[in-house]
Amino acid sequence: MKIGVHPNNLHLRLARLWPGAFVDLQPIFVSYAEGRDTAVLLERGEFDLGGTGSTPPIEADMRGLAVEYIAASAPRPANGAIFVRSDSPICSVAELKDRRISLIDGSFHTYLLARSLEGEGMSLPDVERVESGARDSLADLLEGRVDAWVAMSPRLEKALERDDVRLIVRCGAAIPNRSLFWTLERNGLSAAEIRAVVSELSRIGNEIAADPRTAARLLASGDRGGSGDRGGTDIDAWEKVVRSRDFTVFPIDDEIIAEQQEEADTLLRHGHFAKPIVLKRPEMTK
């Protein structure tokens, strides 16, 4: 089985290094640049499954690619936040109107921003979204090129230790922020393969939680396929990241699909999507 791994999915980054991971499935781990590339690479057959935040699989379904959800992590409320400069006049989300916001658009950053704005009676068109890509968004914020920054681990934890930026909202106040593990129906994973994937993701997650120091050491050293942290995060910093999140993994159920449907409906309201979509419930898939 070919398993896609990008730098921001820590569960799969660790899985490729974890002893005995997916051994019964004869895994081949395929590195790629970022989660937003997952759908196109699955479509090309470059790997059989991947892991991302909540938004990329919805984007794929919007393209008619027939996503098949495999598993989901527990909510990760600490893994996303919006920052402003410490000297900024912006003190809350309500004051982001007409401001420039740096984010990875089309990732969970978009949903976090949309729900945060919605809570203040605003929507995505009320701000200017600035695609950050691989740029140093912290530098963009500090040097005034943007007014706010949507951050995630491990840069988020580093930002929390600084005195020149200020947190205005955390993920847990707005969205569940789970990792989703998924494929496309066309890839034809069997029910047995899907059960094996869920079982292994769960086992590895439990072992990570039981030994966060080993997990941190693996992340700090970087993996063989080039998915190591480009920001030079050290072992102690990675251990804080690992300890801050729940690595529990569940099979897909109606609750997860309902969360995904709520996100799809929210992003439609905000104009991010041009058409509605009805996501398949687990019993509607093979």
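1. Start with a strand pair. S4 and S11 pair in the antiparallel sense over three bridges. Pairing here requires that DSSP finds at least two bridges between two strands. Strands are DSSP runs of E with at least two residues, helices are runs of H or I with at least four residues, and both are numbered from the N terminus. Within this pair, Ala-72 has Phe-250 of S11 as its bridge partner.

2. On provenance: this is a predicted model, where local features need pLDDT of at least 70, side-chain atom pairs count only at pLDDT 80 or more, and totals for chains, interfaces and linings use all residues. Residues are numbered from 1 along each chain as its sequence is written, and side-chain values use heavy atoms, with hydrogens and water left out.

3. The four-stranded sheet. S4 and S11 belong to an open sheet with the order S3-S10-S4-S11 and antiparallel pairing. Strand S3 (50-52) and strand S11 (249-251) stand at the edges; each has a single partner strand, so one side of each lacks a neighbour in the sheet. On average, neighbouring strands of this sheet are turned by 35 degrees against each other, direction ignored. Axes are lines fitted to C-alpha atoms, for helices over the stretch in contact; angles run from 0 to 180 degrees between N-to-C directions.

4. The pairings of S10. Strand S10 (residues 180-184) runs antiparallel to S3, joined by three bridges. There, Gly-51 has Phe-181 of S10 as its bridge partner. Helix H3 (residues 55-62) packs on the sheet and touches S3, strand S4 (67-73) and S10. Contact means heavy atoms within 4.5 Å. The direction of H3 makes about 170 degrees with that of S4. S10 is also joined to S4, by five bridges, again antiparallel. The bridge partner of Tyr-69 in S10 is Trp-182.

5. How covered is S4? Mostly: seven of its seven residues are buried. Buried means under 20% relative accessible area, exposed over 50%, and partly exposed in between, using a 1.4 Å probe and protein chains only.

6. The five-stranded sheet. This one is open too, in the order S7-S6-S8-S5-S9, with mixed pairing. Its edge strands are strand S7 (128-131) and strand S9 (165-170), each pairing on one side only. Neighbouring strands are turned by 30 degrees against each other on average, direction ignored. Inside the sheet, strand S5 (residues 81-85) and strand S8 (residues 148-151) run antiparallel and are joined by three bridges. Phe-83 has Trp-149 of S8 as its bridge partner.

7. Whole-chain numbers. The chain has ten helices and eleven strands. Its radius of gyration is 18 Å, close to the 19 Å that the globule rule gives for 286 residues, so the chain is as compact as a globular protein of that length. The radius is taken over C-alpha atoms; the rule is 2.2 Å times the number of residues to the power 0.38. Along the principal axes, the C-alpha atoms fill a box of roughly 55 × 45 × 30 Å. Of the 286 residues, 53% count as buried. Among contacts between residues at least 6 apart in sequence, 81% join residues at least 24 apart. The chain exposes about 12,000 Å², and carbon and sulfur atoms supply 49% of that. Areas come from the Shrake-Rupley method with a 1.4 Å probe; for residues, only the protein chains shown count as cover.

8. Cysteines. Cys-91 is exposed, at 54% relative accessible area. Cys-171 is buried, at 0%.

9. Glu-43. This residue is found in helix H2 (residues 38-44). Glu-43 is partly exposed, with a relative accessible area of 33%. Not counting residues up to four places away in sequence, Glu-43 touches Arg-63, Leu-65, Leu-184 and Arg-186. Glu-43 and Asn-187 lie 144 residues apart in sequence and 8.3 Å apart in space, C-alpha to C-alpha.

10. Met-122. Where does Met-122 sit? In the loop between helix H4 (108-118) and S7. Met-122 is buried, with a relative accessible area of 11%. Leaving out residues up to four places away in sequence, Met-122 touches Val-93, Ala-94, Lys-97, Leu-117 and His-270. From Phe-47, Met-122 is 75 residues apart in sequence and 39 Å apart in space, C-alpha to C-alpha.
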